[in-house]
Amino acid sequence: MPELPEVETVRRSLAPRLTGDVIASVEVFFDGCVEGSTPEELAWRLEGRRILELVRRGKYLVFQLDDGASLVIHLRMTGRLILIPADPVELHPHTRVLFRFRSGKALRFDDQRKFGRVMWFRNSTSLKRRLALGVEPLDPAFTAARLGALVKGRKRPIKSLLLDQKLIAGLGNIYADEALFRARLLPWRPAGELSWQEVEALCAAIRDVLAEGLKYKGTTLRDYVDGDGRTGMFQERLQVYGREGEPCPRCGGAVARVVLGGRSSFHCPRCQV
Ligand code: ZN
């Protein structure tokens, strides 16, 4: 599932080529991916609108429009946004929405598993209320003090706290496991029991692993590609995620997997405490 580095990589690949362009038409091939309005209303709202800016909040892509509204796309499990020429347009069997632009470009939203969502919001207030996202972990506001305030008094496992988008926006299973490995913390440790040193180490680990993921243009395990259909390269640098039974790169012990809150958690039982 695309996490912050993957969504940000998609944003970076699309933003320079879509900013300033005007949406000419919107075709919806799978109604279920449109949330909050009907496909007809979505098309009516979007047609003729200019894209002022493409930003990211957590794992969401936000196209800011010239009337103060925004188009929000959530890739979820298998969503892909692919920029293609509009004439002639080439659809994919999994194309759910097609956006055509005045410049002659088109943006295809393909989604095999159909969990991805396309949403329209009237203004930034309605957008914030619906997404209700926590702090951006690559923002300067994400400090050890901020993370410390989030974990304080919480009994839930640190891993599940890291995945809670209302607290920290953008981390998913892969980068949470990698950050906990780097900070030498077991995923099921109660969040409120972390020491100050552990909070500092975890804050730094989260920032480092996300920055590195971005540098290598994301992790492609199955479906993820950027706006040009290119895969990421961070999968080659994963230290524990998906590596059950392989040697831990730090101590040589075997990487283990436990299921925590319904999700696989990869860790090293020898050097994470
Ligand atoms: Zn180890």
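User: At 32% relative accessibility, does A132 count as buried, exposed or partly exposed?
Analyst: Buried means under 20% relative accessible area and exposed over 50%, with partly exposed in between (1.4 Å probe, protein chains only). At 32%, A132 counts as partly exposed.

User: Before we go on, what pLDDT do local features need in this model?
Analyst: Residues are numbered from 1 along each chain as its sequence is written, and side-chain values use heavy atoms, with hydrogens and water left out. This is a predicted model, where totals for chains, interfaces and linings use all residues, side-chain atom pairs count only at pLDDT 80 or more, and local features need a pLDDT of at least 70.

User: Back to A132: what's its phi?
Analyst: A132 sits in the loop between α3 (124-131) and α4 (helices, H or I, are DSSP runs of at least four residues and strands, E, of at least two, numbered from the N terminus). Most residues other than glycine have a negative phi, and most peptide bonds are trans. A132 isn't a glycine, yet its phi is positive, near 45°.

User: Where's the cis peptide bond?
Analyst: Look in the loop between β6 (79-85) and β7 (95-101), where P88 is found. Omega there is near 0°, and the cis bond runs from D87 to P88.

User: Which residues coordinate the zinc ion?
Analyst: Donors are N, O and S atoms within 2.8 Å of the metal (3.2 Å for Na, K and Ca), and with water not among the atoms, sites may look incomplete. Here the donors are SG atoms at 2.3 to 2.4 Å. They follow the spacing C-x2-C-x16-C-x2-C along the chain. The residues are C248, C251, C268 and C271.

User: What arrangement do the four donor atoms make?
Analyst: For four donors to count as tetrahedral, all angles must lie between 85 and 135 degrees. Around the zinc ion the angles are 101 to 122°, so the arrangement is tetrahedral.

User: Is C248 buried or exposed?
Analyst: C251 is partly exposed, at 27% relative accessible area. C248 has a relative accessible area of 3%, so it is buried.

User: At roughly what angle do the axes of α4 and α7 cross?
Analyst: Axes are lines fitted to C-alpha atoms, for helices over the stretch in contact, with angles from 0 to 180 degrees between N-to-C directions. The two axes come within 9 Å and cross at roughly 115°.

User: Which residues of α7 make that contact?
Analyst: Contact means heavy atoms within 4.5 Å. On the α4 side it's A144, A145, L147, G148 and V151. On the α7 side it's W196, V199, E200, L202 and C203.

User: What's the relative accessibility of L185?
Analyst: L185 lies in the loop between α6 and α7. Leaving aside neighbours within four places in sequence, its contacts are L180, L194, E198, L202, Q272 and V273. L185 counts as buried because its relative accessibility is 0%.

User: How far apart in space are K152 and V118, C-alpha to C-alpha?
Analyst: K152 is in the loop between α4 and α5 and is exposed, at 68% relative accessible area. K152 and V118 are 34 residues apart in sequence, and in space they're apart by 35 Å.

Technical notes. Tetrahedral: all angles 85-135°; square planar, octahedral: opposite > 155°, others 65-115°.
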